[in-house]
Amino acid sequence: MLRVLCLLRPWRPLRARGCASDGAVGGSEIQVRALAGPDQGITEILMNRPSARNALGNVFVSELLESLAQLREDWQVRVLLFRSGVKGVFCAGADLKEREQMSEAEVGVFVQRLRGLMNDIASSAIMGLIETTRGLLPGAGGTQRLPRCLGVALAKELIFTGRRLSGTEAHALGLVNHAVAQNEEGDAAYQRARALAQEILPQVDIASGMAIEGMCYAQNIPTRDRLEGMAAFREKRPPKFVGK
């Protein structure tokens, strides 16, 4: 049995800028909560767009990018958990209804932002697989991440067939680290993630992490490659590194 000892702070919505899609019923589509007590250092991001099963629309992506940018500057955040406020759904993938209303130029800009978001949260190619089932090409990095996870042959099979995988199948392939049986409350995956976050939390505090970074950077200062990198930036040319 997982023992959870924590004090919960209220969910904090973040305001999106420059967005056009409909917002979630009852408030922001992305909300943030920092845990306190023994779980201080763990922050949760709640995805809350029930009308579209947490599909990745303009407002959703903008609010998520903004929240990640803010949290990146918060040194108190040591572990970040993503969870869904929509029962039975984590994220349905791309919002194709919204994307259908975009111009070609708008689609290009949006997909580029989406790629950046996927890199930020280290997602796999789940969105690509969902899009493929609708006859589309994975456009948010799925064609690049999936082969790196599974190898080219299996990645092609999954992309070309658009096959949907269960949690157990994804775990067997190595796409996810853990697959758990559902509990009566319907939050078994969240509880497993929470337990993992609690395990990670005491490993490296921010002060130790900054000290390690400082030592690593100090080793880089006297290198010829560091000087070459700065010179190349100033002269607007590709750097010529020599490994020294």
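Start with the aromatic rings: a search of the whole structure finds zero aromatic pairs. For Phe, Tyr and Trp (its six-membered ring), a pair needs ring centres within 6.5 Å; planes under 30 degrees apart would be stacked, over 60 edge-to-face, and the rest tilted. Before you go on, note that this is a predicted model, in which local features need pLDDT of at least 70, side-chain atom pairs count only at pLDDT 80 or more, and totals for chains, interfaces and linings use all residues. Residues are numbered from 1 along each chain as its sequence is written, and side-chain values use heavy atoms, with hydrogens and water left out.

Now select Arg83 and Tyr190. The charged end of Arg83 sits over the Tyr190 ring, 3.8 Å from its centre; the test asks for NZ of Lys or CZ of Arg within 6 Å of the ring centre and within 35 degrees of the ring normal.

Helices (H or I, at least four residues) and strands (E, at least two) are DSSP runs, numbered from the N terminus. Which residues of α8 are buried? They are Ala188, Tyr190, Arg194 and Ala197, where buried means under 20% relative accessible area, exposed over 50%, and partly exposed in between (1.4 Å probe, protein chains only). Show β3 (30-36), β4 (42-47) and β5 (79-84) too: the buried residues of α8 pack against these strands.

Next, pick the cysteines Cys91 and Cys149. Cys91 is partly exposed at 24% relative accessible area, and Cys149 is partly exposed at 45%. The whole structure has zero disulfides, counted as cysteine sulfur atoms within 2.5 Å.

Two backbone stops follow. Most residues other than glycine have a negative phi. Asn54, in the loop between β4 and α1 (58-72), has a positive phi of about 60 degrees and is buried, with 0% relative accessible area. Lys236, in the segment after α10 (224-235), has a positive phi near 55 degrees and is exposed at 76%.

Finally, colour by pLDDT, the predictor's confidence in each residue, from 0 to 100. The chain averages 78, and 80% of the residues score at least 70. Over residues 15-25 the pLDDT is below 50, yet this stretch has 28 contacts beyond near neighbours in sequence, a contact being heavy atoms within 4.5 Å. Residues 123-135 also stay under 50, with 33 contacts beyond four places in sequence. Where pLDDT is low, the predicted coordinates should not be read in detail.
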